[in-house]
Amino acid sequence: MTRYKSRKPHSGQSWQKREIHRKWQNIVGLFITGILTLALTNGIVKSFSFGSELGRSNWDGDSSFAAVVNTTPHSILVFQKEPKRLVLIPVREDLFMATGNPKKPFSKIGDLLEENNGEKKTVVSSRISRSSVDNYFLLENRKKAGEEVLEDFSKSYGSFIAPFKIMSGTVSNIQDTNVTRIDQLRLWWQLKGLSANNLELVQFSNISEEIVTGTGSKILGVDDVSLHRLFSTYLENQAFFESDKKIVIEDGSESASGQLAADFVNSVGGRVESVLQASVPVLHTIIIADDKNSYEAEYLAKIFDCDITSLKNAPQGEIKVVVGEDFAQKYTL
């Protein structure tokens, strides 16, 4: 026969103790809530003093988030929502890469990344991977690009106190970043509760190829085709991939940047139908769509940091990216 342990009825004294304990819990809870509210309010007030830092969001929270990190060697951090994972991809700094600059067609990746300039690092990373990497995190203490960095980001942006640190600008080991507070809060919302099984360190070696320069000498360069294919695995936006929108690239730059723009679109799952040459030079990149408010048009406008225009006679279901000289100049090193 199964025996069950009987429970004694609560005495009046124990009931009173529980009531006192409950009241103290409520008081402590209200005190903590008040402190956190003051901290949050203080953070918000400070944030407004920084102007645009709380303003424009560059990430919708659904597409992948990519940022270059000044680890050793430099790496690119990617958060992908589906499947949910935080990925770190180290970059081989000993390889050479094409710069798009006719005066110096090739440069060593490490030399280009050496400068302590976050924006420059995003441009180099974007050109290496032929994908859009617009964000950067500069660490106070550089660490080896490995599992520890992944764990640090997961803890820093996944803890319950992360929002308060984000609002006050005191996220652990982050010296400088161009990621706005709104997007950092989105990152926190996505990373909270992330387990070790969702952390992925990408190790690869077969991304180099022999390049013959204009002078006939041979150098070991990055195989950007293979690297682009690798990055596309983590940057693919499911909503964009499942879209039936056709993308046309029209290159109006003077340095043939149409294919680079097409690779930016392909890396996130877009369907590039063709790359055409514009009949006249174009200064500023622009998106032309039959519906300027569509998710796809707005998403592309963020990738290329450009305006959208709507034309009544634009082919239905088609979006045209007219690549201007501004895009070409930005990604010329």
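Begin at the second largest cavity, which holds about 30 Å³ of space. The model is a predicted one, in which local features need pLDDT of at least 70 and side-chain atom pairs count only at pLDDT 80 or more, while totals for chains, interfaces and linings use all residues. Residues are numbered from 1 along each chain as its sequence is written, and side-chain values use heavy atoms, with hydrogens and water left out.

To display this second largest cavity, select Pro90, Val91, Arg92, Ile109, Ile128, Phe204, Ile207, Val222 and Leu227, which line it. A cavity is a set of points, on a 1 Å grid over the protein atoms alone, where a 1.4 Å probe fits but cannot get out; lining residues have an atom within 4 Å of a point. Grid points are joined across faces, edges and corners, and a volume is the space filled by probe spheres set on the points. The lining of the second largest cavity has eight nonpolar, no polar and one charged residues (nonpolar: Ala, Val, Leu, Ile, Met, Phe, Trp, Tyr, Cys and Pro; charged: Asp, Glu, Lys and Arg; polar: the others, Gly among them).

Next, select Ile76, Ile89, Pro90, Val91, Ser125, Ile128, Phe204, Leu227 and Phe231, the lining of the largest cavity. The space in the largest cavity is about 40 Å³. Two or more lining residues come from each of β3 (85–90), α3 (118–129) and α7; helices (H or I, at least four residues) and strands (E, at least two) are DSSP runs, numbered from the N terminus. By class, this lining has eight nonpolar, one polar and no charged residues.

Now turn to the largest pocket, with a volume of about 630 Å³. A pocket is an open set with protein on both sides within 12 Å along at least five of seven lines. Centre the view on Asn58, Ser132, Asp134, Lys302 and Ile303, the closest to the pocket centre of its 29 lining residues. Colour α10 as well: the largest share of the lining, five residues, comes from this helix. The lining divides into 11 nonpolar, 10 polar and eight charged residues.

Finally, show helix α7 (residues 224–235) with helix α9 (residues 258–267), which pack at an angle of about 40° with their axes 8 Å apart. Axes are lines fitted to C-alpha atoms, for helices over the stretch in contact, and angles run from 0 to 180 degrees between N-to-C directions. The two helices are therefore oblique to each other (under 35 degrees counts as roughly parallel, over 145 as roughly antiparallel, 65 to 115 as roughly perpendicular and the rest as oblique). Select His228, Ser232 and Leu235 of α7 and Asp263, Asn266 and Ser267 of α9 to see the contact (heavy atoms within 4.5 Å).
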